[in-house]
Amino acid sequence: MSLRMKPAAGRQIKKKSRSRALNPEQAEAVARVHGPLLILAGAGSGKTTVITERVVQMLAEGIPSSAIVAVTFTNKSAREMRTRLEGLTGRPALRGMVVSTFHSLGHRILSHEIEHLPGFRKPYSIMPPDDLENVLSDIYREFRLDPSSIKADGTLFWISLCKNSGQPPALFAEDRNLNYEPDLFERIFRRYEEALRSMNAVDFDDLLLLPLRLLRSKKQVLEKYRRRWRYFLVDEYQDTNPVQYELMRLLVGEPGNLCVVGDDDQAIYGWRGADVGIILGFERDYPRAHVVRLETNYRSTGQILEAANAVIAHNQIRVQKRMRATAGNGPPLRAAIGADEEREAQIIADRIEEAMVREKLSPADFAILYRTNFQSRAFEQELRKRNIPHHVVGGYRFFDRREVRDLIGYLRAIANPADEVALSRIINRPRRGIGDTTWRKIGEYMNSRPVSARGGLNSVLEDIESEPGLLPGVRPDTIAAMHEFLELLRKYRKEFTRTRPLAQVLAALISELNFESEFRREGDNDRVVRARMLNLSELTNMLAFFEDNHEGPEPPGLFEFLARLSLLAQDQDSDDPRGRVQLLTFHLSKGLEFPVVFLTGLEEGVFPAPRSIEESESALDEERRLFYVGITRARKELWLTGASSRRRFGERIQVEPSRFLDELPENCLEWVLRETEGDGQNTLTDLLSGLSLRSGGDVG
C-alpha cells in the first residue's frame, strides 16, 4: 500500500508541471499508457521529455516499476534515461524497473534461463572477438583453409551480420559477395556454433538470438516474462534490426502494451542491419496502435526547418510529417563553394573567427560535419593554423590514424636512413613475414657486435642483406623480404630527388605498397578500406598543396615536407572537447545540437557517397536521411559548403555540387560565393558585407 501512495503524491506534482511544459501532442503521448503506441518524434521535438514523463505517468497510475521495461540502443543512453528518471521520481520508485540495451535485456534473460537450451548451462562465457578469432582459426585448419585469411575473408563480420539478419546462413550467403561459396559459409557457421556450444560460450550476437530461440521454444518461460514485464518502451525504434524486432514482439504479446519512439526520417543505420521498414510497419503489426506525431521543434529556426522538410519530402517511402518551429524564422541558410578543400576550410574558419570576435560566440558553439573522416584533415589544419581550439569527435585525429603514421614512417625512413624508429615501425607494414622471431635474431646479432662497430639498424639490415648467414635460423624468404624492403627504400630515395612532383612519387609509393590489400587482410570491410585509402590520399594531397604553395627560391624537398608535418602533428590539441569547435561525421552528430553548424563536402561522390549513387534508390534515400539529420543539428545558423575541385592522390579533379543542394528551397537559401579553381582571393568578411547573418541584424 505504501508503494502506491508515493506515486499518487507524485502524480499531483507532475500534473502541474506537465500543464506548463508539454504541448498537446506531447501530453497525448504521455497520457496514453495502455496498448500499442507509436510516437513519431521529429528532430528536436522533446522526445526525451516525453519518454521520461510517460514513465512517471505510468508510475502515477499505479503500474509497478517492476512491470516496466525501457530499451534503448547504447549503454550511455540507458544510463542517461535512468539518471533522468531518478531525478524525477527518486530512486526507490524505480526499484525493479529494467532500463537497458537490447543486448543487456537478452543477457538478463539468459543468465536465468540458459539451461533450458540444449547444450548450455550456468554460468556461460561471453567470448571477446580475439577469442572468437582463435575459434575460427581451429575451424579453418579443420576445413584445410588458411587461418591467416580469416580477417581478409571478414568471416566474423559475416557471421555477425547473418545472425542479426534473422536469415539462415545458406540463404544469407547467397545474397552476399563472400570470399567463398555459400555452402562453405554455412558449414563454417554451423561448426562455429558447435564450437561455442562445446565451450558453453556465446558471442555478442547470441545475447539476442538465444533468448529469441528460448522464448519461441519454451512457452512456460515466455509466459513467465510476459507476466513479469507488462509494459514496454523502445527508443530509437527506427534503428531496430529483425532479431531485435522479433524478440520484442514475442515479449510484448497481448494486450500489446508497447510504446515505440522514433523517426523514420532519421533512420541512418541500414548499413549495419537496421531496417526502416520495421517502424514503417508498426501499424500493420499492431492494428489497434495509436499514432502520435511530435512535429513541434524546439531546436531550430523556421528557415532551417523549411529546408529540412523540403529535402526529406523527396523520399517517397516515409510517414508524412512536417516539423514546425518555435524559435522564430531566423536567417537564411548560407551556401559557399570554395575553389578546393583548403579554400572550403578557410571559408569556414573565416566565419568562426568573425562570429567569435563580433558576436562573442564561443568555439563550442560551432560544429563542422563531414560525410567521411578523411575530410577532417583540411579543417583540422586550418583551425590549428589560426589557434582556434577544436576537437575531433569519435575518432583519431588525422595524424593519429595508423595508416597515416605508417606512411609518414616510410617518408621518414626514405629521407633519413638513420631513423631507426621509423624503420622498426614500417619494416613489416604491410606484412612481409619479418615477425618477432626475426626481430629477436636481429637484436641478438646487434648485441653480439662490439659497441663501436654496431652501427644503426639500417647498417645491420644491409649487413644481413649482403651476408644472409649472419642470422642463422631465419628463413631464406624472410631474408629476401628484407632485401626487397631495403631496395624499395633506395628506389624511392632516388625518386624523391628527381624533378617530377613529389606528390606523384608518394602516390606511386602508396600504390606499390598495396595498402588496400593489407587493410582487407586485416579484416576491414569495403567501407573502412575506402576510408583508410582516402586518409592516405589526403597525405598525398597535403604534399601537393605544400609544393604548390611553397614560397622559397628552390622547390621543396622531402625534408621540408616532413618538418612541416612534424610541426602540425605536435600542435594537435588535447582530447578535452569542452570549449572547442566540434569536428564529427554526420552519423556521430545524431542526437546532438549546436548554435552554428557547417555541413561540408556537399559534392557528388562525397555526399551523397559514391556507393549510394550506384546501388539503389533506397541507399540514396538513406543518404538523404543523413543529410536531414545534419540540417536538424543546427539551432540558429546553418552553412552548406563544398569545393569545386578536390585532390585525389595529389591529382586535381573537378567535382559537381551535391544533388541535395538542388533540393533546398530557393527562398531560404542564400549563396555567399561559388568559386572555381584559381579563385579565392577575398576573405569571407569581404564577401559577406551587406548580408544579414542574423534575423533583423547585420554583420556587425
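Visitor: In β7, which residue is the bridge partner of Phe 232?

Guide: Good place to start, and keep in mind that this is a predicted model. The partner of Phe 232 in β7 is Leu 258. That pair belongs to a set of 3 bridges joining β6 (residues 231–234) to β7, and the two strands run parallel.

Visitor: How does the chain get from β6 to β7, and what is the hand of the crossover?

Guide: To read the hand, look with the strands pointing away from you and follow the path over the helix: clockwise is right-handed. Here the chain leaves β6, passes through helix α13 (residues 242–252) and reaches β7, making a right-handed β-α-β crossover.

Visitor: Which strand pairs with β7 over 4 bridges?

Guide: That is β1 (residues 37–41), again in the parallel sense. As one example, Leu 40 has Gly 262 of β7 as its bridge partner.

Visitor: Is β7 mostly covered or exposed?

Guide: For burial, look for a relative accessible area under 20%. In β7 (residues 258–262), 5 of 5 residues are buried. Leu 258, Val 260 and Gly 262 point one way, while Cys 259 and Val 261 point the other way, and all are buried.

Visitor: Now the largest nonpolar core: which of its 52 residues touch the most other members?

Guide: Those are Tyr 410, Phe 496, Leu 509 and Phe 515. Take Leu 509: leaving aside residues up to four places away in sequence, its contacts are Leu 407, Tyr 410, Leu 411, Ile 414, Leu 488 and Tyr 492. A second core, separate and made of 44 residues, has Val 221, Trp 229, Val 234 and Val 291 among its members.

Notes. Residues are numbered from 1 along each chain as its sequence is written. This is a predicted model: local features need pLDDT of at least 70, side-chain atom pairs count only at pLDDT 80 or more; totals for chains, interfaces and linings use all residues. Side-chain values use heavy atoms; hydrogens and water are left out. Buried means under 20% relative accessible area, exposed over 50%, partly exposed in between (1.4 Å probe, protein chains only). Two strands pair if DSSP finds at least two bridges between them. A nonpolar core is a set of buried Ala, Val, Leu, Ile, Met, Phe, Trp, Tyr and Cys residues joined through side-chain atoms within 4.5 Å. Contact means heavy atoms within 4.5 Å.
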